[in-house]
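Hello,

Here is the structure I promised to pass on. Have a look at it first, and then read my notes below.

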Amino acid sequence: MKKVKRVGIIGGMGSLASVDLYAKVVALTPAKKDQDHVLLTIDNNAAIPDRTEFIFGNGENPLPYLIDSANRLKNSGCEAITLACNTAHFFADDIAKACDVKILNIISLSVEAIKKNFPNAKNIAVIATTGTKKTGLYDKVLKENGFLSVELGEQNQEDIMKCIYDGVKAGKTAEYAPLFNQVIDSISADVFIAACTEIPILLPYLKKDVKFIDATEELAKGIVEFARA
């Protein structure tokens, strides 16, 4: 029997974002029949506490839940796992150490995509949760690769959080599309990163033609590449 690699996804952060990642993995797989698709195990662990709340000192630590999911995925035969949440990558190193498992990193994959697709870009706007912004998860990797992370402004960041939590997570994506467009219109950047797994769900509503790297799509590409290698 042909040796194939199984990949695990820690999902539920939120569930719609996990569906988006899985759909992109399927769409990006060059399959002609069922058996050509990637072997995936998805643990839609919706019980994982909010990552941003914890980072700001207001909530329960998600790490034990993330480790629990990672171990469950590893025990199911996954040779690598990933997190269907950008902010959760704050815990990626701790998960890798605790579970001795390879993690496919959405941040590294996204920055590599900018280098490949937009080699002349300089100013990058990271559209993410306040937790992701505060930890500098993207800013650090962007700086290491010669990019500048654009300051979004306090009001824009508040509005992005509304689009994520009151919009996509609450099942009201279309209602918050005008606010999302307003935010993007007010930001000047060479390239934008959809750096929260809820943001790509808002992208079809964009009216302005801007250059966006869909971090979820880059992660999906990484999953397919690893699984088929």
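**Helix packing, a strand and some rings**

Helices α5 and α10 are roughly perpendicular to each other (a label for angles of 65 to 115 degrees). The axes of α5 (residues 106-117) and α10 (residues 215-228) come within 8 Å and cross at roughly 100 degrees. On the α5 side the contact (heavy atoms within 4.5 Å) involves I106, L109, S110 and A113, and on the α10 side A215, T216, E218, L219 and G222.

A word on the source: this is a predicted model, where local features need pLDDT of at least 70 and side-chain atom pairs count only at pLDDT 80 or more, while totals for chains, interfaces and linings use all residues. Residues are numbered from 1 along each chain as its sequence is written, and side-chain values use heavy atoms, with hydrogens and water left out.

Strand β5 (residues 123-127) runs parallel to β7 and is joined to it by 4 bridges (DSSP needs at least two for strands to pair). Here V126 stands opposite I193. Strand β8 (residues 212-214) also runs parallel to β7, through 3 bridges, and F212 is the bridge partner of F192.

Lastly, ring pairs (centres within 6.5 Å) link F54, F90 and F91 into a cluster. F91 is buried, with a relative accessible area of 3%.

Enjoy exploring!

Definitions and conventions
Axes are lines fitted to C-alpha atoms, for helices over the stretch in contact, and angles run from 0 to 180 degrees between N-to-C directions. Angles under 35 degrees count as roughly parallel, over 145 as roughly antiparallel, 65 to 115 as roughly perpendicular and the rest as oblique. Buried means under 20% relative accessible area, exposed over 50%, partly exposed in between (1.4 Å probe, protein chains only). Rings of Phe, Tyr and Trp (its six-membered ring) pair if their centres lie within 6.5 Å; planes under 30 degrees apart count as stacked, over 60 as edge-to-face and the rest as tilted.
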